[in-house]
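This report describes a single protein chain, from its overall fold down to individual side-chain pairs. Please consult the sequence and the coordinates alongside the text.

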Amino acid sequence: IQWSIRSTKNSIYVLWVSIFVTIYRLPGLVIGTCISSLTVLGLIWAENARLLPQPDLSVGVRPWIILTGLFALNAGLAYYTNQITRRALASAENEIEHRKLSDEALRISEKRHRLLADNARDVIWTMAPDGAITYVSPAVEKLRGFTPAEAMVQTIQEILTPASQVVSTGYFTQLHADLAAGRPTASFRGELEYRCKDGSTVWTEVMAFPLFNSECLVEVLGVTRDISEHKRLIFDLENAKDAIAIANQSLLVANGELARTATTDTLTGVWNRRHFEEVARSALAQAMRYQQPWSLLIFDIDHFK
């Protein structure tokens, strides 16, 4: 092997510098450059001292400086590339860690909300944009007698009474019409009558909220609350009001009858003595106040005045 400063073995020094930069970062830049430069300087000295075969041209300080500069440039580029790579890897690691933490937080949040939904007294449900029920909380069994699995596959005809079906269908029709026209969508709040497993019905208050991802409808979140006791109280109150109205009407009739019997004779229907005395006192007081004469005419028919 012919060792010479002009031989292809110089690429070994370039590789050496790159390795040092990769392993030792910034200190490797200086160490690799210095070692490579000193090695080349030793070769130059050995060639000039005729310890190595002579090249075509004499080798001096200038080639050494040039090669040292190339080594330094290579080291700088390697260091810069290494730093960019490390920063990219660090950024990627941070992004991955952030996504793992975000996913974990999302899973914890989902578990928390599912725990709350599963143990809530109100029935919590979700519906896909196509109308398919995607979740029903266990409270539905206490409200309607159906298990969540049974309730999720029911049609609207099996869930609501006819009048409530019209209300529910009207809301979802308006919701999709607003979405298609680009108009703002509204939530729903109203009273719906649900069918129960035993054939009875139960009145509920339903709240529905459309949830969006960007501008797309993801699902509808709903809460159904039992208001049958509230409805019963309202029904009892309405009955009590009707009973009071009937009693008042009866009282008015009775008062009118009392007033009639108090002022008229039950046999003949003419005014009685009490009413006569009231009218007479009123007429006498008016005559005395305005100094007007007045007369009293009495008819006696068989001792009946």
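## Conventions

A residue is called buried under 20% relative accessible area, exposed over 50%, and partly exposed in between (1.4 Å probe, protein chains only). By this scale Arg183 is partly exposed, with a relative accessible area of 41%.

The model is predicted: local features need pLDDT of at least 70 and side-chain atom pairs count only at pLDDT 80 or more, whereas totals for chains, interfaces and linings use all residues. Residues are numbered from 1 along each chain as its sequence is written, and side-chain values use heavy atoms, with hydrogens and water left out.

## Overall architecture

The chain contains eight helices and five strands, where helices (H or I, at least four residues) and strands (E, at least two) are DSSP runs numbered from the N terminus. Their order along the sequence is α-α-β-β-α-α-α-α-β-β-β-α-α.

Of the 305 residues, 27% count as buried. The accessible surface comes to about 21,600 Å², and 62% of it belongs to carbon and sulfur atoms; accessible areas come from the Shrake-Rupley method with a 1.4 Å probe, and for residues only the protein chains shown count as cover. Contact means heavy atoms within 4.5 Å. Among contacts between residues at least 6 apart in sequence, 44% join residues at least 24 apart.

## The nonpolar core

A nonpolar core is a set of buried Ala, Val, Leu, Ile, Met, Phe, Trp, Tyr and Cys residues joined through side-chain atoms within 4.5 Å. The largest such core has 24 residues, of which Val123, Trp125, Val136, Tyr194 and Val220 touch the most other members. The elements that give two or more residues to this core are strands S1 (123-127), S2 (133-136), S3 (188-195), S4 (201-213) and S5 (216-226), together with helices H3 (139-144) and H6 (162-181).

Leaving out residues up to four places away in sequence, Trp125 touches Tyr135, Val136, Val206, Ala208, Val220, Leu221, Gly222, Val223 and Thr224.

## Strand pairing

Two strands pair if DSSP finds at least two bridges between them. S1 and S5 run antiparallel and are joined by five bridges, with Trp125 opposite Gly222 in S5. S4 and S5 are also antiparallel, over ten bridges, and here Val206 stands opposite Thr224 in S5. S4 and S5 form a hairpin with two residues between them, and Ser214 in the turn has a positive phi of about 60°.

Thr204 belongs to strand S4 and is buried, at 0% relative accessibility. Apart from neighbours within four places in sequence, Thr204 is in contact with Leu143, Gly190, Glu191, Leu192, Tyr194, Thr224, Arg225, Asp226 and Ile227.

Pro129 lies in the loop between S1 and S2 and is partly exposed, with a relative accessible area of 34%. Not counting residues up to four places away in sequence, Pro129 touches His176, Leu217, Val218 and Glu219. The C-alpha atoms of Pro129 and Phe172 are 9.5 Å apart, although 43 residues separate the two along the chain.

Met288 lies in helix H8 (residues 273-290) and is exposed, with a relative accessible area of 55%. In the segment after H8 is Gln291, which is exposed at 68% relative accessibility. Most residues other than glycine have a negative phi. Gln291 has a positive phi of about 55° although it is not a glycine.

## Salt bridges

The structure holds nine salt bridges, each defined as a side-chain nitrogen of Lys or Arg within 4 Å of a carboxyl oxygen of Asp or Glu. Lys197 pairs with Glu150, the closest N and O atoms being 3.5 Å apart. This pair links distant parts of the chain, 47 residues apart: Lys197 is in the loop between S3 and S4, and Glu150 is in helix H4 (residues 148-152). Lys197 is partly exposed at 47%, as is Glu150 at 31%.

Arg183 and Asp178 meet at 2.9 Å, N to O; Asp178 is buried, with a relative accessible area of 9%. Asp236 and Arg232 also form a salt bridge, at 2.9 Å, N to O. Because Asp236 and Arg232 are four residues apart in helix H7 (residues 228-263), about one helical turn separates them. Salt bridges that share partners join Glu229, Arg232 and Asp236 into one network.
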